[in-house]
Amino acid sequence: MAARSAGAPHNRRMALPHAHPLDTIDVRPLGESLAATPSTSLIKTESLQLMRVVLRRGETFAEHRVPGEITIHCLEGEAALSTPTRECLLTAGQLVLLAGGEPHGLHAITDASLLVTLRLG
């Protein structure tokens with residue numbers, strides 16, 4: 001997944017390695033460090049992927065789709081989630097569920113970090 005800013009390619013890559021079972025993961029808001037933090041894939045197993053997606057104000061995550069169900073939990077900031085039939089504003093503490101295969105994209109209204117969970121395979 002790659003985000004874009006004002007039509008230009010987004011060059012940050014997700015940091016690895018992934019967490020292991022029983023590792024604790026800090027998903028608290030990043031606050032002042034948000035601007036310097038890349039999007040990160042936190043967990044990836046055969047059936048689940050968990051990512052912290054970091055978008056700066058004005059950045060977009062281009063429309064795409066994935067086969068499995070998705071939850072998007074806004075940890076901080078504000079982001080607009082769009083599908084072909086609906087747009088919703090996510091603010092800190094809000095979570096949304098998307099059906100597998102649903103085309104969707106994100107646009108950061110303010111600097112934002114989002115916890116994205118994908119059901120794989």
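Start with the open sheet: 5 strands in the order β3-β4-β11-β6-β9, with antiparallel pairing. Strands here are DSSP runs of E, at least two residues, numbered from the N terminus, and two of them pair if DSSP finds at least two bridges between them. At the edges stand β3 and β9 (95–98), each with a single partner strand, so one side of each has no neighbour in the sheet. On average, neighbouring strands are turned by 15 degrees against each other, direction ignored; the axes are lines fitted to C-alpha atoms, with angles from 0 to 180 degrees between N-to-C directions.

A word on the model: it is predicted, so local features need pLDDT of at least 70 and side-chain atom pairs 80 or more, while totals for chains, interfaces and linings use all residues. Residues are numbered from 1 along each chain as its sequence is written, and side-chain values use heavy atoms, leaving out hydrogens and water.

Next, select β3 (residues 40–44) and β4: 4 bridges join them, antiparallel, and a hairpin connects the two through 3 residues. Look for serine 41 opposite methionine 51 in β4.

Stay on β4 (residues 48–55), where 7 of the 8 residues are buried (under 20% relative accessible area, 1.4 Å probe, protein chains only). Moving across to β11 (residues 112–119), you'll find 8 bridges to β4, again antiparallel, with leucine 55 opposite alanine 112.

From β11, hop to β6 (residues 70–76), its antiparallel partner over 6 bridges. Glutamate 76 faces serine 113 there.

Last stop: cysteine 74, buried at 0% relative accessibility, and cysteine 88, buried at 15%. The structure holds 0 disulfides (cysteine sulfur pairs within 2.5 Å).

Note on methods
Buried means under 20% relative accessible area, exposed over 50%, partly exposed in between (1.4 Å probe, protein chains only).
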